[in-house]
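Welcome! Here is a short tour of ring pairs and of a sheet with its helices. Have a look at the structure first, then read on.

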Amino acid sequence: MKKIIIIGGSHAGVHAAFTLRNQIPDAKIDIFSDESHYPYHRPPLSKKSLQEESCLDDILLKPKALYIKNNITFHTDSPVTNIDSHNSVIHAQNKNFEYDKLIIATGGTPRTLEIDGVASQDILYIRNFDDAQKLKNKLLNAHSVLIIGGGYIGLETAASLRVKGKDVTVIEAANRILNRVLCPIMSDYYQSYHESKGVNFIINDQIVNAKKQTSGYQLKTKKGEMISANIIIVGIGIVPTIKLAEEIGINCSNGIEVNQYCQTNIDNIYAIGDCSNYYHERYGQALRIESVQNATEQARVCSSHISGNPFKEPVVPWFWSDQYDLNLKMVGLNIGYEEIIIRGDINNHKFTCFYIAENKVVAADAVNSPGEFMAAKIIITKNKKVDLNILRDQSLSISEVMKLWEL
Amino acid sequence: MGIITFIDINGQSKETIPTNEVNLMQLAVNNNILGIDAECGGCCSCATCHVVINNKLDIIPKAQGDELELLNFVPNKEDNSRLSCQVLIDETLNDLIVEVKSA
């Protein structure tokens, strides 16, 4: 009987456990998590569950009973302290647990920020259920919120808090919001939409220090602006959790290095999800991608390798973000794009931005356009050189475009 | 509440009994039905919960709006394709047969 240990109880780890259960009915499967909760959907933490009354049961990945029914042992409050790869054991709960195959799915922790004059416990982050609960409690007596970081977490949180009627300021160090992931047109579009909903933006600036006030802080920026806020939330990315792997000589660089099967350089040890720097054959390079879809894809790839099922290359990466009534779905990676083609109607908030490189569609951002998103997924996967004038012709539907391209 | 049968991606059939699930996607996830990935958690974003329902057509409405837009580009789409996260469960679904399709 194969003993499989999974370190980390979130999207990647849980998906691997249940996939493996289907593939290897008699395997012994244990998941170790340092959280006290059973695994839950993380995306709603900055969206729906911030806006509404909700409890953990509403967002659980699987009901607790399903772990028992599938003979998957889930260890809560059980951080793994070290791995001994020579003897194939991990150490947790002051005991050793043996493995035949080990999957590291430790994810990441929010990149922290120190602000001169602010006590560290007064800086809030949103990664775990407990973080979100702490924020919700503080919001009860708060009116004004400063969000540091204009990425997805920051902007989704800004939208959720505007819906709740809070005064929201977002400060971004770069010269535009979402600059790591979207083109300038999309950044402008999202900033304008947030501004129309009442969010105040400070771009290309940073907080330098703060003074405590009766309720919250008075903060000063590098350019000399002053902001008053009852609550400070930081969303400036995550740092992959790689300590356990690094300690035993697993190669790490921006995450745990793995090949296309999710194997590390040490036998029988795999890494999946936000913590892994995965070699993508499609892109000819290693990439660390933070998304639910990436986590479940790698869980599938790694499970198939362990159970001896055939390898199926991961589908092109895709992501989603909900802000107000805007549903954004992104597919592909826009690294090195040369041109943008917009289809649809920006003023009506239903449009898609296609990223072009070498006469191919390499990525797309679809706002309130699920059909164009699904079509883009197929187009990008086919990776074919195409006549771009066809895509520019707005009188053609996306299905007609695909037909003309023989896709 | 009666029985709802899923035919999973490998053709295996499995009978389930809803307890407090709101939609068919949740019922499938809670019963570990193979082929329902439900990556987006049920917000009609991912089309990884594609099913075909060929019985009880009189009470199962056809897909529309965003759901239909997503389904139009899903491989193996059939006339009676639905995203299971958009099919609400009530007692009229007793004896329903739900065929899981790949996303």
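Rings of Phe, Tyr and Trp (its six-membered ring) pair if their centres lie within 6.5 Å; planes under 30 degrees apart count as stacked, over 60 as edge-to-face and the rest as tilted. By this rule, there are 14 aromatic pairs over all chains. This is a predicted model, in which local features need pLDDT of at least 70 and side-chain atom pairs count only at pLDDT 80 or more, while totals for chains, interfaces and linings use all residues. Residues are numbered from 1 along each chain as its sequence is written, chains are lettered from A and ligands numbered from 1 in the order in which they are written, and side-chain values use heavy atoms, leaving out hydrogens and water.

**Aromatic pairs**

- Phe18(A) and Tyr67(A) have ring centres 5.3 Å apart and planes at 75°, so this pair is edge-to-face.
- Phe18(A) sits in helix H1 (residues 11-23) of chain A and Tyr67(A) in helix H4 (residues 64-69) of chain A, so the pair ties together parts 49 residues apart in sequence. Helices (H or I, at least four residues) and strands (E, at least two) are DSSP runs, numbered from the N terminus.
- Phe18(A) and Tyr67(A) are both buried, meaning under 20% relative accessible area, with exposed over 50% and partly exposed in between (1.4 Å probe, protein chains only).
- Trp318(A) and Trp320(A) make a tilted pair, at 5.9 Å centre to centre with 35° between the planes. Both Trp318(A) and Trp320(A) are buried.
- A cluster linked by ring pairs holds Tyr189(A), Tyr190(A), Tyr193(A), Tyr324(A) and Phe351(A).

**Charges over rings**

- A charge sits over a ring if NZ of Lys or CZ of Arg is within 6 Å of the ring centre and within 35 degrees of the ring normal.
- Lys212(A) lies over the face of Tyr217(A), 4.9 Å from the ring centre.
- Lys329(A) lies over the face of Phe373(A), at 5.9 Å from the ring centre.

**The sheet**

- In chain A, five strands form an open, antiparallel sheet in the order E22-E23-E26-E25-E24. Two strands pair if DSSP finds at least two bridges between them.
- Strand E22 (318-323) and strand E24 (339-345) of chain A are the edge strands, each pairing on one side only.
- Strand E23 (residues 326-332) and strand E26 (residues 360-367) of chain A run antiparallel and are joined by five bridges. Met330(A) stands opposite Asp365(A) in E26(A).
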